[in-house]
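I opened this model to look up its fold, its annotated site and its open spaces. My notes are below the structure.

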Amino acid sequence: MRFEFVVDQHVKIKTFLKKQDISKGLLAKIKYEGGAILVNGEPQNATYLLDIGDRLCIDIPNEKDLTGRLEPILHPLDIVYEDDHFMIINKPAGFASIPSALHSSTIANFVKGYYMEQDYANKQVHIVTRLDRDTSGLMLFAKHGYAHARLDKQLQQKMIQKRYFALVQGPGKLEKTGDIIAPIGRPKDSIITRHVTPTGKYAHTSYEIIQSWGEVHLVDIRLHTGRTHQIRVHFSHIGFPLLGDDLYGGSMEYGIERQALHCHRIGFFNPFSEKNLICESDLTNDFKSVIMNLQNKI
């Protein structure tokens with residue numbers, strides 16, 4: 001895959017490429033695995049000194065097909081967006097993001113199956129944003145390692161926006177808008193659950209109430225950090241656990257059998273098209289059914 005740049009600095013190639021998120025490992029791959037570096041059409045090495053206005057091209061070799069490490073499974077995907085570099089899918093609840101000892105038929109397997117079916121040159125699955133098994137909504141994938149590296153940088157700089165809808169319930173007053181800032185860690189007696197603890201890692205969640213029906217609220221949530229189970233732990237911590245989330249004290253009496261959590265929006269800067277990309281996802285039917293029942297009771 002070829003990428004082209006117009007040079008704006010008088011620097012060595014490796015220095016320029018580092019600013020384009022080309023790592024030492026990727027540079028080595030270009031050098032030793034069949035790639036190429038061209039300046040104004042001529043092959044050069046990484047220490048070549050560039051001039052302003054030079055046209056720098058890099059050919060990144062295709063990734064090796066590591067099919068044995070991830071079984072491809074053909075399964076329908078709800079693809080919301082796709083180009084040569086990124087893909088966003090609408091994940092249904094009930095499927096884990098990646099394989100584990102407990103889960104072998106996962107979203108990663110389905111994406112690998114799709115890549116194989118389309119006969120893409122790069123068939124490795126690069127997940128940029130994951131979702132819990134019983135959380136629905138948008139997941140972002142990079143279609144090659146360089147695209148993944150560029151989005152990893154945006155993740156580190158908190159430039160990728162993810163927003164969630166959740167149905168929460170609790171007595172008392174939930175402020176119209178708020179920030180939940182409380183460290184999250186793992187209890188000593190569990191490898192699954194998380195809790196708020198002074199020894200945990202910093203975690204920050206913002207929310208806004210969209211609609212309320214008595215003790216139940218539909219909230220729009222923005223994550224500033226990405227701790228495991230962050231939304232579920234934070235809202236349980238303030239006394240408003242998610243409906244259907246029996247792991248963290250949520251009510252099971254509203255007809256939804258999984259945590260009422262849906263990633264409805266993903267936004268990021270596409271560094272290849274140099275445009276901001278925003279994708280949105282409608283609520284799932286089980287979510288809508290709970291809301292309809294709540295509205296009918298008013």
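**Ground rules.** I worked from a predicted model, where local features need pLDDT of at least 70, side-chain atom pairs count only at pLDDT 80 or more, and totals for chains, interfaces and linings use all residues. Residues are numbered from 1 along each chain as its sequence is written, and side-chain values use heavy atoms, with hydrogens and water left out.

**Whole chain.** I found 6 helices and 16 strands in the protein; these are DSSP runs numbered from the N terminus, helices being H or I with at least four residues and strands E with at least two. The C-alpha trace spans about 70 × 40 × 40 Å along its principal axes. Of the 298 residues, 48% count as buried (buried is under 20% relative accessible area, exposed over 50%, partly exposed in between, with a 1.4 Å probe and protein chains only). I also checked contacts (heavy atoms within 4.5 Å). Among those with a separation of 6 or more, 65% join residues 24 or more positions apart.

**Annotated site.** UniProt, in an unreviewed entry, puts an "active site" at D132. Its annotations may be inferred rather than shown by experiment. D132 sits in the loop between strand 7 (126-127) and strand 8 (136-142). Beyond residues up to four places away in sequence, D132 touches K91, F95, H229, R232 and Q259. One of these, R232, is buried in helix 5. Helix 5 (residues 230-237) has 6 of its 8 residues buried. G239 follows helix 5 and has a positive phi, near 90°.

**Largest pocket.** I looked next at the largest pocket, which holds about 1,500 Å³. On a 1 Å grid over the protein atoms alone, a pocket is an open set of points with protein on both sides within 12 Å along at least five of seven lines; a cavity is a set where a 1.4 Å probe fits but cannot get out; lining residues have an atom within 4 Å of a point. Volumes are the space filled by probe spheres set on the points. Of 46 lining residues, R130, L131, D132, T228 and H229 lie nearest the pocket centre. Helix 4, strand 9 (161-169), strand 14 (216-223) and helix 5 each give two or more lining residues.

**Second pocket.** The second largest pocket holds about 380 Å³. K14, L27, A28, I37 and A46 lie nearest its centre, out of 17 lining residues. Helix 2 gives the largest share of this lining, 5 residues.

**Cavity.** Helix 2 (24-32) and helix 4 (145-156) each supply at least two of the lining residues.

**Cores.** The largest nonpolar core has 43 residues, and L140, F141, V219, F235 and F268 touch the most other members. Such a core is a set of buried Ala, Val, Leu, Ile, Met, Phe, Trp, Tyr and Cys residues joined through side-chain atoms within 4.5 Å. Helix 3 (residues 107-118) gives the most to this core, with 6 residues. A second, separate core of 19 residues includes I13, L27, V39 and I58.
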